[in-house]
Amino acid sequence: MTTVLLLILSVVTGVFLGKHFGKKEKLAKNLLILSAGFLITICLNEVFPQVYTSAGSSSLGIFVIAGVLLQMILEALTKGFEHGHFHHHSEHNILPVALMVGLFIHAFIEGIPLANEQHEMSPYLWGIVFHNLPISFILGAFLFNRKGESKSSSSYPSILIVALFALASPMGMLLGNYFNPDLQPYFLAIVGGIFLHISSVIIFESNKNHNIDWVKIGLVVLGVSLALMMHVFHQHPPAHSH
């Protein structure tokens, strides 16, 4: 129950902030960079070790690659919304259905491994929470600050979209309960590929004129540090024997 509440709260909080501070694009970018540093650290220190210490780990690399490719396909729908590329979306008054479908599938898949997480407050869960905040911020800014629409005309559809996005990961978690727990490493490998692609794109996107962006570096280091602290204090299960 705590897991579901955290997932929903992360989306609602991000949307609320986006609705009221959505015009501050620098804030959205900084949240994305901070979450990317956190996410890539969770990926490398939590997700991949679970994947590669599991039985049959020698064949799981292909599922990581599948996760990367899946995210690339989803980005054809979302147009890089997860990276903060939302300028062209906001120019249109009609909400692109493809964007919502892409975001829903993305969040739904991330929720599936939560069904078999041994610790309720796992670093994997916090990775999703930190990841949800900036995406929801951008979503809130897009939904509630679109040009040419009154607040009343966009209110109900926007609330429905937020509700669907907030429930996507919990719904994935619910479905995960029906899968064999032995499939956990495969789902983690796919999500690991998704995490790796998103975080690396955000972190390694070229800076303007290729100058050193100390703020960006500082935010990445802060995100990495927060994730490392969580990694150190989290009790990990013993590795599976081969």
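Colleague: Among contacts in the protein with a separation of 6 or more, what share comes from residues 24 or more positions apart?

Modeller: Happy to start there, with the reminder that this is a predicted model. Residues 24 or more positions apart make up 85% of those contacts.

Colleague: What makes up the secondary structure of the protein?

Modeller: There are 9 helices and 0 strands, and along the sequence the pattern reads α-α-α-α-α-α-α-α-α.

Colleague: Why is H2 called roughly antiparallel to H6?

Modeller: The axes of H2 (residues 25-52) and H6 (residues 123-144) cross at roughly 160 degrees, coming within 9 Å. Angles over 145 degrees count as roughly antiparallel, so that is the name for this pair. The crossing of H2 past H6 is left-handed.

Colleague: How do you know that H2 and H6 meet, and which residues take part?

Modeller: Contact requires heavy atoms within 4.5 Å. On the H2 side, the residues that meet H6 include Leu27, Leu31, Phe38, Ile42 and Glu46. Among their partners in H6 are Tyr124, Trp126, Phe130, His131 and Phe137. By class, the contact has 15 nonpolar, 3 polar and 1 charged residues.

Colleague: What percentage of the residues of the protein count as buried?

Modeller: With the cut-off at under 20% relative accessible area, 46% of the 242 residues count as buried.

Colleague: And what is the accessible surface of the protein?

Modeller: The accessible surface is about 12,100 Å², and carbon and sulfur atoms account for 69% of that.

Methods
Residues numbered from 1 in each chain as written. Predicted model: local features only at pLDDT ≥ 70, side-chain atom pairs only at ≥ 80, totals over all residues. Heavy atoms only, no water. Axes fitted to C-alpha atoms, helices over the stretch in contact; angles between N-to-C directions. Helix = DSSP H or I, 4+ residues; strand = E, 2+ residues; numbered from the N terminus. Parallel < 35°, antiparallel > 145°, perpendicular 65-115°, else oblique. Left-handed = near helix turned anticlockwise from the far one by under 90°. Nonpolar A, V, L, I, M, F, W, Y, C, P; charged D, E, K, R; others polar. Buried < 20%, exposed > 50% of the residue type's maximum accessible area, 1.4 Å probe, protein only. Areas by Shrake-Rupley, 256 points an atom, 1.4 Å probe, with all protein chains shown as cover.
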